[in-house]
Amino acid sequence: MKVYLDNAATTPLDLEVFEAMKPFLMENFGNPSSTHSHGRQVRSAIESARKTVAELLHASTSEIFFTSGGTEADNTLICSSISSYNLTHAITSKIEHHAVLHTLENLEATGKIKLSYVNLDEKGNVDFAHLDELLTTNERSLVSLMHANNEIGNLIDLNAVGEICQKHNAIFHSDTVQTMGHYAHDLSSLNVQCVTGAAHKFHGPKGAGFMYIDKSTKIAPFIHGGAQERNMRGGTENVYGIIGTAKALEIAYREMAEHQNFIQGLKDRMIQNLRSSIEGVSFNGESANPEKSLYTVLNVCLPESQDNDMLLFTLDINGISASGGSACSSGATTGSHVLAGIKANPNRGAVRFSFSKYNTAEEIDYASEKIAEFYKQEALK
């Protein structure tokens, strides 16, 4: 049995998305910057896709810029905001995605900014009082805090952070890669200047995404070249990726309520299975709390074992794909910076299971059973 439970890393492409992309892989191949009919046809399709994304997010089309994905978008928004507004201070947390964390660390290492880290509690929740304190002494800062953590699933209150940032005239950037397409975002009502999206996290194509920049925020481009994306992102557009991004987001919004209920049910089922079959199992961060965590992510904290490193290998041998941490660093030899950031016990195994609309209850039961079997064998040693 093959079971894919690593959807926070990437999701399978929706067939409807593939069908929408196909004509732009073959027949509609014109360069959208060309003024002839082949180019104009493709340009029209890109602008139609931009309008779809903007309308779903309650934004203006002038606020949506297509990119190669979340990492490029995060780098652009962070570096260009700091440069364009001559900011010398930024605030983030120690459990951000590396697309944010490494970018800010590099800016600090090269002397461009001073970087502060907001305090977190033992579950990984942001200390809003400390954020307010940091901004009181460092007004006109960049604040970069992700909407949902990609490893432990913790959600933050974007409205609460936005209000604190507005109070101190700070620029608020949020990496929304894990929640885009899974929650409804009304950007017209949020005090957030910049957010990011990556299509492959909501059943769209890899190598495609977008950034939202509030119309009141004026930043210079990060990638220079042609005049594409209204002079904000040089380079010939990934046309079929853009078409796929818009179609995937459209489907996600169309089916959102149904899929939220279904996927939360799968997650609840795994929690119940593991609690009933493994003594001492717990869950990292807020991942077992449906009110405070992303419904697609469950980070399991397993009992101490001399062979915890073998668990992922054992799951893989049994056809189960999961992650020991962030997928972006799954090939690294170091442990998870997120789990270190919340001071999780390094002697306990941690596995991130992440779910999608294509998973089944049978798959959840099978994966739960294989984990339980592993620890029963450990107990006999």
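Modeller: A crossing is called left-handed if the near helix is turned anticlockwise from the far one by less than a right angle, and right-handed if clockwise. Please note that this is a predicted model, in which local features need pLDDT of at least 70 and side-chain atom pairs count only at pLDDT 80 or more, while totals for chains, interfaces and linings use all residues. Residues are numbered from 1 along each chain as its sequence is written, and side-chain values use heavy atoms, leaving out hydrogens and water.

Colleague: At what angle do helix 2 and helix 8 pack?

Modeller: Helices (H or I, at least four residues) and strands (E, at least two) are DSSP runs, numbered from the N terminus. Axes are lines fitted to C-alpha atoms, for helices over the stretch in contact, and angles run from 0 to 180 degrees between N-to-C directions. Here helix 2 (residues 37–56) packs on helix 8 (residues 239–254) at about 30°, and their axes are 9 Å apart. The two are therefore roughly parallel to each other (under 35 degrees; over 145 is roughly antiparallel, 65 to 115 roughly perpendicular and the rest oblique).

Colleague: Which residues make the contact between helix 2 and helix 8?

Modeller: Contact means heavy atoms within 4.5 Å. On helix 2 the residues include Val42, Ala45 and Ile46, and on helix 8 they include Val239, Ile242 and Tyr253. Sorted by class, this contact holds twelve nonpolar, one polar and one charged residues. Ala, Val, Leu, Ile, Met, Phe, Trp, Tyr, Cys and Pro count as nonpolar, Asp, Glu, Lys and Arg as charged, and the others, Gly among them, as polar.

Colleague: Are helix 1 and helix 8 roughly parallel or roughly antiparallel?

Modeller: Helix 1 (residues 15–25) and helix 8 pack at about 160°, with axes 8 Å apart. They are therefore roughly antiparallel, and their crossing is right-handed. Among the residues that meet are Phe24 and Leu25 in helix 1 and Ile243 and Arg254 in helix 8. This contact has ten nonpolar, one polar and three charged residues.

Colleague: How do helix 3 and helix 4 cross?

Modeller: The axes of helix 3 (residues 70–84) and helix 4 (residues 98–109) come within 9 Å and cross at roughly 35°. The crossing is right-handed. Ile78 and Cys79 of helix 3 and Leu104 and Leu107 of helix 4 are among the residues in contact.

Colleague: How many aromatic pairs does a search of the whole structure find?

Modeller: Rings of Phe, Tyr and Trp (its six-membered ring) pair if their centres lie within 6.5 Å; planes under 30 degrees apart count as stacked, over 60 as edge-to-face and the rest as tilted. The search finds two pairs. The ring centres of Tyr183 and Tyr295 are 5.4 Å apart and the planes stand at 70°, so this pair is edge-to-face. The pair links distant parts of the chain, 112 residues apart. For Phe374 and Tyr375 the centres are 4.9 Å apart and the planes at 80°, so that pair is edge-to-face.

Colleague: Is Leu315 buried or exposed?

Modeller: Buried means under 20% relative accessible area, exposed over 50%, partly exposed in between (1.4 Å probe, protein chains only). Leu315, in helix 10 (residues 309–317), is buried at 1%. Leaving aside neighbours within four places in sequence, Leu315 contacts Ile320, Val351, Phe353, Lys370 and Ile371. Tyr295, at 5%, is buried.
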